Amino acid sequence: DWRSCNPPQEGDSEFCTYQKLIGIAPETFQSIPATRWLSPKDECVWAGVSCDESGQVRAIELSGNKLNGPLPEGLKYFPFLQSITLAWGSL
């Protein structure tokens, strides 16, 4: 499981409280209301995703969210992605 806003499991709400990493010594997080990844909502409202005025995903910032495993192949569907930050995880 991610630290926050992991993809919804059956019965989970699509909403979550995103724990945004704001400090590393000690680890400090800011709680931000957000939408879970892979929910039916538009990607631009998913936790840690930033989009431009045209609704194109430009940045993904998920530092400190304990992500693990390989990078998802689906990232190729964000052709305008300019920045991805996944520090302090196990990818």
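Leaving aside its neighbours within four places in sequence, which residues is I60 in contact with? In this predicted model, the partners of I60 are W37, G48, V49, L75, F78, L81, S83, I84 and T85.

**View 1. The largest nonpolar core, with W37 and I60.** This core has 14 residues. W37 and I60 are those with the most contacts inside the core. Strands β1 (15–24) and β4 (57–61) each supply at least two of the core residues. In soluble globular proteins, nonpolar side chains tend to be buried together.

**View 2. The hairpin of β3 and β4.** Strand β3 covers residues 49–51 and runs antiparallel to β4, with 3 bridges joining the two. C51 stands opposite V57 of β4. Between the two strands of the hairpin lie 5 residues. In this turn, G55 has a positive phi of about 80°.

**View 3. The pairing of β4 with β5.** Strand β5 takes in residues 83–85. Here the strands run parallel, and 3 bridges join β4 to β5. The bridge partner of E61 is T85 in β5. T85 is also among the residues in contact with I60.

**View 4. The largest pocket and its lining.** The volume of this pocket is about 350 Å³. Its lining is made up of 19 residues, of which W2, W37, L62, P72 and L75 are the closest to the pocket centre. By class, 16 lining residues are nonpolar, 2 are polar and 1 is charged. W37 and L75, both named here, are also among the contacts of I60.

Key. Residues are numbered from 1 along each chain as its sequence is written. This is a predicted model: local features need pLDDT of at least 70, side-chain atom pairs count only at pLDDT 80 or more; totals for chains, interfaces and linings use all residues. Side-chain values use heavy atoms; hydrogens and water are left out. A nonpolar core is a set of buried Ala, Val, Leu, Ile, Met, Phe, Trp, Tyr and Cys residues joined through side-chain atoms within 4.5 Å. Buried means under 20% relative accessible area, exposed over 50%, partly exposed in between (1.4 Å probe, protein chains only). Helices (H or I, at least four residues) and strands (E, at least two) are DSSP runs, numbered from the N terminus. Contact means heavy atoms within 4.5 Å. Two strands pair if DSSP finds at least two bridges between them. On a 1 Å grid over the protein atoms alone, a cavity is a set of points where a 1.4 Å probe fits but cannot get out, and a pocket is an open set with protein on both sides within 12 Å along at least five of seven lines; lining residues have an atom within 4 Å of a point. Grid points are joined across faces, edges and corners, and a volume is the space filled by probe spheres set on the points. Ala, Val, Leu, Ile, Met, Phe, Trp, Tyr, Cys and Pro count as nonpolar, Asp, Glu, Lys and Arg as charged, and the others, Gly among them, as polar.
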